[in-house]
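The sequence and the structure come first.

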Amino acid sequence: MDWLTFVVVDPVKAILFRIWSYIPSIAGAIVILVAGWLIAKLVEAVIVMVLKSIRLDAASDKAGISNVLAQGDIKLSLSELIGAVIYWLVILVVIATALNALNLVIAADLVSKLVAYVPKILGAIFILVVGSFLADFVATIVRTTANNAGIKKAKLLSQITQVVLVVFASIVAIE
């Protein structure tokens, strides 16, 4: 019977003790996640309300940003999209905090690095959008100028110009 205690009962007791001692950390992490989720929802609602009150959506309609979002199959308005991005940033910070509460330092560092990288991703998206607009604008100018100059392949020339500018914007965004 002594060997049974040594082989089975003692390891099970050790596992149960470790699980029991980890419960306060798990409870703390759950509280952090729930409170963080509520805060993220509140921040998102406030951001969307403020952006709508300053009429950002009307300005984005006039600037054509709403059309770009619709072409990208994004059904949110610009203010809702900004609110959603901020919501997810807050959620990522909350997840990193909860992971720290669980003493999962490596995972928390990974999430923190992801949060720090998000502005670079947003900057790259901005560069791509502006580059795409600029490429379309320049291609239209090239096509009009080439047509006025009597060049037969004006449309091809404008398409090549647009592709080159989009590739250039993509390279800058990747950097």
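The sections below describe the helix packing and then the pocket of this predicted model.

## Packing of helix 4 and helix 5

Two packed helices are described by the angle between their axes and the distance between the axes. For helix 4 (residues 78-101) and helix 5 (residues 105-149), the axes come within 7 Å and the crossing angle is roughly 160 degrees. Angles over 145 degrees count as roughly antiparallel, so helix 4 and helix 5 are roughly antiparallel to each other. The crossing of helix 4 past helix 5 is left-handed.

On the helix 4 side, the contact is made by Val-85, Leu-89, Leu-92, Val-93, Ile-95, Ala-96, Leu-99 and Asn-100. Helix 5 contributes Val-105, Ala-107, Ala-108, Val-111, Ser-112, Leu-114, Val-115, Val-118 and Leu-122. By class, the residues of this contact are 15 nonpolar and 2 polar, with no charged residue.

## The largest pocket

The volume of the largest pocket is about 670 Å³. Its lining comprises 19 residues, and those closest to the pocket centre are Leu-78, Leu-81, Leu-122, Ile-125 and Phe-126.

Helix 3 (65-71), helix 4 and helix 5 are the elements that give two or more residues to the lining. Helix 5 provides the largest share, 8 residues. In composition, the lining of the largest pocket has 19 nonpolar residues, no polar and no charged.

Methods
Residues are numbered from 1 along each chain as its sequence is written. This is a predicted model: local features need pLDDT of at least 70, side-chain atom pairs count only at pLDDT 80 or more; totals for chains, interfaces and linings use all residues. Side-chain values use heavy atoms; hydrogens and water are left out. Axes are lines fitted to C-alpha atoms, for helices over the stretch in contact, and angles run from 0 to 180 degrees between N-to-C directions. Helices (H or I, at least four residues) and strands (E, at least two) are DSSP runs, numbered from the N terminus. Angles under 35 degrees count as roughly parallel, over 145 as roughly antiparallel, 65 to 115 as roughly perpendicular and the rest as oblique. A crossing is left-handed if the near helix is turned anticlockwise from the far one by less than a right angle, and right-handed if clockwise. Contact means heavy atoms within 4.5 Å. Ala, Val, Leu, Ile, Met, Phe, Trp, Tyr, Cys and Pro count as nonpolar, Asp, Glu, Lys and Arg as charged, and the others, Gly among them, as polar. On a 1 Å grid over the protein atoms alone, a cavity is a set of points where a 1.4 Å probe fits but cannot get out, and a pocket is an open set with protein on both sides within 12 Å along at least five of seven lines; lining residues have an atom within 4 Å of a point. Grid points are joined across faces, edges and corners, and a volume is the space filled by probe spheres set on the points.
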